[in-house]
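Hi everyone, thanks for coming.

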Amino acid sequence: MSSIYQGSCRRCGYKSVVFSSAYGSVLVDEPTEATRGNITRVGRFFLVALRHPGEHYDLARTGFTWRQLFEQGRFIRTRKVACRHCGMLFSVRNLEAPALGCSVITMIALAVGLISGLVSGVLARKVAGGVVVALAVSYVTGVVLSIVVQLYAWAYTRMHFGERGREIHGHNACPTCRSRAWRSAESLFLRYLCPSCARRSVRVRMVGIS
Ligand SMILES: [Zn+2]
Ligand SMILES: [Zn+2]
């Protein structure tokens, strides 16, 4: 699920472009026939967007797998941000690790939970107690495993592709005033600077879901 947002100023009526929440892209070596029309150039890099909800289809057209994106440092996350100086909304891109092994983590978590539930249920001779333990242990195991895997992926990407990550990050700046100070544009609680009337009166709202 991907949310669609728009900023609007309650003082002057300014409306920002409509934008979606963060999305992933694949760093490819060069454009091909299969990826034509879906390529963004950032410095010397070519990025193919993984458009929601057809991410797997877009990924297949690049010829890479999720695992290769991780191992070869090819996953870019794009976020919309608001410039702290002029209020313009723009995109920033960073090299990150894609979320890995969700289904494997879920299976391990369920298995560990099931075994703990069975053992405690048999020991206490209570079925309900066993079910509660199974659910609780599954949940905690899933959360802990996800954190460990993400930390590992983050460290791996920084260690092997640190220079590439810094180069991509180096292209991030406000297109209007070149400022490199920004804040996430996805917060629904903050007020942003209006690029039109220069007052802090822009609110971002969710205007749809894709
Ligand atoms: Zn700016
Ligand atoms: Zn305004």
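This is a predicted model: local features need pLDDT of at least 70, side-chain atom pairs count only at pLDDT 80 or more; totals for chains, interfaces and linings use all residues.

Is A185 buried or exposed? It has 24 C-beta neighbours inside 10 Å, so A185 counts as buried. You'll find A185 in the loop between β8 (182–184) and β9 (191–192). Which residues does A185 touch, if we skip its neighbours within four places in sequence? The contacts are G7, K80, V81, A82, L89 and V204. P175, on the other hand, is 10 residues from A185 in sequence and 16 Å away in space, going from C-alpha to C-alpha.

In soluble globular proteins, nonpolar side chains tend to be buried together. Here, the largest nonpolar core has 15 residues, and A82, W182, Y192 and V202 have the most contacts inside it. Two or more residues each come from β1 (3–9), β6 (75–83), β7 (89–95) and β10 (202–209). Apart from that core lies another one, with 12 residues, including L50 and F75. Back to W182: leaving out residues up to four places away in sequence, W182 touches V81, A82, C83, R84, V92 and C174.

Last stop, the helices. The axes of α3 (residues 102–124) and α4 (residues 127–170) come within 7 Å and cross at roughly 150°. That makes α3 roughly antiparallel to α4. The crossing is right-handed, and the residues of this contact split into 16 nonpolar, 12 polar and no charged.

Technical notes
Residues are numbered from 1 along each chain as its sequence is written. Chains are lettered from A and ligands numbered from 1 in the order in which they are written. A nonpolar core is a set of buried Ala, Val, Leu, Ile, Met, Phe, Trp, Tyr and Cys residues joined through C-beta atoms within 7 Å. A residue is buried if 20 or more other C-beta atoms lie within 10 Å of its own, exposed if 12 or fewer, and partly exposed in between; C-beta atoms are placed from the backbone. Helices (H or I, at least four residues) and strands (E, at least two) are DSSP runs, numbered from the N terminus. Two residues are in contact if their C-beta atoms, placed from the backbone, lie within 7 Å. Axes are lines fitted to C-alpha atoms, for helices over the stretch in contact, and angles run from 0 to 180 degrees between N-to-C directions. Angles under 35 degrees count as roughly parallel, over 145 as roughly antiparallel, 65 to 115 as roughly perpendicular and the rest as oblique. A crossing is left-handed if the near helix is turned anticlockwise from the far one by less than a right angle, and right-handed if clockwise. Ala, Val, Leu, Ile, Met, Phe, Trp, Tyr, Cys and Pro count as nonpolar, Asp, Glu, Lys and Arg as charged, and the others, Gly among them, as polar.
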